[in-house]
Amino acid sequence: MTRYLDDNFDRPVRVRDVATQVHLSERHAARLFQQETGCTIIAYLTRRRLDVAAQRLADPALRPLSVAAVARSCGYADTRHFSTAFRRYWGALPTQVRAGGGTTHGLSADRGAIR
């Protein structure tokens with residue numbers, strides 16, 4: 001299930017999609033996922049998206065990409081929703097991370113704020 005989420009984080013993903021991949025009911029897949037990872041399928045997907053977004057925003061080679069383009073590349077159709085989730089998770093706006101190169105705001109891979 002995590003492999004599917006890691007491979008498809010940039011697309012719209014529903015619990016139903018994940019469950020179908022492993023031939024389980026939605027409820028059973030969700031229960032097993034939480035038991036094994038300690039978080040919900042959607043929380044895992046959100047964390048994955050926001051981790052990748054932070055890496056892309058801090059990467060000087062990707063500076064020509066707008067924040068909206070980074071949001072879309074990480075599975076967010078709405079930039080406002082992306083910015084809100086990003087700020088809640090990282091404690092900084094995407095534009096602040098872009099301006100500071102990611103280091104000023106203490107981005108770390110084991111953030112884990114979304115459960």
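Biologist: Is His23 buried or exposed?

Modeller: The model is predicted: local features need pLDDT of at least 70 and side-chain atom pairs count only at pLDDT 80 or more, while totals for chains, interfaces and linings use all residues. Residues are numbered from 1 along each chain as its sequence is written, and side-chain values use heavy atoms, leaving out hydrogens and water. Buried means under 20% relative accessible area, exposed over 50%, and partly exposed in between (1.4 Å probe, protein chains only). His23 has a relative accessible area of 71%, so His23 is exposed.

Biologist: What is the phi of His23?

Modeller: His23 is found in the loop between α2 (15-21) and α3 (26-37). Most residues other than glycine have a negative phi. His23 is not a glycine, yet its phi is positive, near 60°.

Biologist: How many helices and strands does the chain have?

Modeller: Helices (H or I, at least four residues) and strands (E, at least two) are DSSP runs, numbered from the N terminus. Along the sequence the pattern reads α-α-α-α-α-α-α. The count is 7 helices and 0 strands.

Biologist: At what angle do α4 and α6 pack?

Modeller: Axes are lines fitted to C-alpha atoms, for helices over the stretch in contact, and angles run from 0 to 180 degrees between N-to-C directions. The axes of α4 (residues 41-58) and α6 (residues 79-90) are 10 Å apart. Under 35 degrees counts as roughly parallel, over 145 as roughly antiparallel, 65 to 115 as roughly perpendicular and the rest as oblique. Therefore α4 is roughly perpendicular to α6, at an angle of about 90°.

Biologist: How do the residues of the contact of α4 with α6 divide?

Modeller: Contact means heavy atoms within 4.5 Å. From α4 come Arg47, Leu50, Asp51, Ala53, Ala54 and Leu57, and from α6 come Phe82, Ala85, Phe86, Tyr89 and Trp90. Ala, Val, Leu, Ile, Met, Phe, Trp, Tyr, Cys and Pro count as nonpolar, Asp, Glu, Lys and Arg as charged, and the others, Gly among them, as polar. The residues divide into 9 nonpolar, no polar and 2 charged.

Biologist: How far apart are the C-alpha atoms of Tyr89 and Thr46?

Modeller: Tyr89 lies in helix α6 and counts as buried, at 0% relative accessibility. Thr46 is 43 residues away along the chain. The separation of their C-alpha atoms is 9.4 Å.

Biologist: Which residues is Leu45 in contact with, leaving aside neighbours within four places in sequence?

Modeller: Leu45 is in helix α4 and is buried, because its relative accessible area is 2%. Its C-alpha atom is 9.6 Å from that of Gly75, 30 residues away along the chain. Beyond the neighbours within four places, Leu45 is in contact with Leu5, Phe9 and Val13.

Biologist: How many disulfides does the structure hold?

Modeller: A disulfide is a covalent bond between the sulfur atoms of two cysteines. Here a disulfide is a pair of cysteine sulfur atoms within 2.5 Å. Cys39 is buried at 3% relative accessible area, and Cys74 is buried at 0%. The number of disulfides is 0.

Biologist: What share of the residues in the chain is buried?

Modeller: The chain has 115 residues. Buried residues make up 38%.
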